[in-house]
Amino acid sequence: MPEIPEMEIYRDYLNKWVKGKEIKKVKVLRVKSVNMESTAFCQSVMGKLIRAITRRGKYIIFHLDDGHFLLTHMMLDGRMFLLPLTNQKNSPEFKEIMSEILEGKAEDLRQRIKGLPGKPSVVFILNDDSILFFCSLTLGYLHYLRQDELESKLGELGSDPLDSQFKALEFTRLIKGKRGMIKPWLMNPKNIAGVGNAYSNEALFRAGILPTRLISAISDADSVALFNALVTILQDSIRLGGDMEEPFAPWDDFTGGYNPQFQVYERTGEPCLNCKTVIKKSEVGGRNAFYCPHCQK
Ligand SMILES: [Zn+2]
């Protein structure tokens, strides 16, 4: 599942390639991915200018010029993809893609467009004729919201670890007195926004803390180490391209660059990079925990 780094990379690309453009046409290919009847959704979004794109936790927010917002969450499989066909808009291929979009032929599009990361759920055609695909929004979604609806939705979220106001001291204060194991707590978006399975495993390994350690047994020094490890890993991942395999656009060879950097996540049975002990996997809070039984206590 995309976490903070992957969504941050999307935010960055969207700001470079989509910000300031108008949504000329909209096609909803999977009605359940949007929060309105599909015609109403298209009418609401069509003709709107995308003023800004921001991120909060794992959410991406498109700020539209009518004062409304498009809020998207990728959940497990959701992906975005940009097809910049501006120079080829008179080509037969472009015309066929357009007609397949407008006729709602999601499966044909998937066959035709190389690199398209799944079956399109919603498609935006922008005013420069580039095409933004939201693919595989089955658990994920794209919702058109008023400001108060957006605020109520995001109001439940905890602090974003990359928010410059959020410091180790605040994190230490936040976990103090909490019950239960540390890993499920870290992954709960009401505590910390945007941290999922991959980066929670990595941060706990770097801080030398077992995923099952009770929060009550975490010292202030451990807590500071954990917060600092988390922030460093997230920043490194953003710098190197994140963990996601699917590129954002046909020219994108940056996305996914952090993948080889994982030290415990999905390395079950391989030797620990610190001590050579075999990395173990077990279920903690319903999710897979990866850890080194020697380095983590
Ligand atoms: Zn180890």
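Biologist: What is the strand order in the open sheet of four strands that holds β6?
Modeller: This is a predicted model, so local features need pLDDT of at least 70 and side-chain atom pairs count only at pLDDT 80 or more, while totals for chains, interfaces and linings use all residues. Residues are numbered from 1 along each chain as its sequence is written. Strands (E, at least two residues) and helices (H or I, at least four) are DSSP runs, numbered from the N terminus. Pairing in this open sheet is antiparallel, where two strands pair if DSSP finds at least two bridges between them, and the order is β1-β6-β7-β5.

Biologist: Which strands form the edges of that sheet?
Modeller: An edge strand here pairs on one side only.

Biologist: Is β6 mostly covered or mostly open, and how many of its residues are buried?
Modeller: A residue is buried if 20 or more other C-beta atoms lie within 10 Å of its own, exposed if 12 or fewer, and partly exposed in between, with C-beta atoms placed from the backbone. β6 covers residues 120-126. The strand is mostly covered, with a buried count of seven of seven.

Biologist: Which residue of β6 is the bridge partner of lysine 27?
Modeller: β1 and β6 pair in the antiparallel sense over five bridges. Lysine 27 has its bridge partner in β6, and that residue is valine 123.

Biologist: Which residue of β7 stands opposite valine 122?
Modeller: β6 also pairs with β7 (residues 131-135), antiparallel and over five bridges. Proline 120 stands opposite cysteine 135 there. Valine 122 stands opposite phenylalanine 134.

Biologist: Which residue in the turn of the β6 and β7 hairpin has a positive phi?
Modeller: Four residues lie between the two strands of this hairpin. Most residues other than glycine have a negative phi. The turn residue with a positive phi of about 70° is aspartate 129.

Biologist: How many other C-beta atoms lie within 10 Å of aspartate 129?
Modeller: Aspartate 129 sits in the loop between β6 and β7. It counts as partly exposed because its number of other C-beta atoms within 10 Å is 17.

Biologist: Where does methionine 75 lie?
Modeller: Methionine 75 is not a glycine, yet its phi is positive, about 50°. Methionine 75 is partly exposed because 15 C-beta neighbours lie inside 10 Å. Its place is the loop between β4 and β5.

Biologist: What is the order of the open sheet that holds β3?
Modeller: Four strands make up this open sheet, again with antiparallel pairing. The twist averages 20° from one strand to the next. The order is β2-β3-β4-β8.

Biologist: Which residue is the bridge partner of phenylalanine 62 in β4?
Modeller: β3 (residues 59-64) and β4 (residues 69-73) pair in the antiparallel sense over five bridges. The partner of phenylalanine 62 is leucine 70.

Biologist: At what angle does α1 run to β2?
Modeller: Helix α1 takes in residues 4-17. It lies across β2 and β3. Its angle to β2 is about 170°.

Biologist: Which element gives the largest share of the side of domain 1 that touches domain 2?
Modeller: The domain assignment, automatic or from a database, gives domain 1 (4-154) and domain 2 (168-291). Their contact (C-beta atoms, placed from the backbone, within 7 Å) takes 19 residues from domain 1 and 18 residues from domain 2. On the domain 1 side, α1 and β5 (79-83) are the elements that give two or more residues. The largest share, eight residues, comes from α1.

Biologist: What percentage of the residues of the protein chain is buried?
Modeller: The chain has nine helices and 10 strands. Its C-alpha trace spans about 60 × 40 × 30 Å along its principal axes. Of its 297 residues, the buried share is 40%.

Notes
Axes are lines fitted to C-alpha atoms, for helices over the stretch in contact, and angles run from 0 to 180 degrees between N-to-C directions. Two residues are in contact if their C-beta atoms, placed from the backbone, lie within 7 Å.
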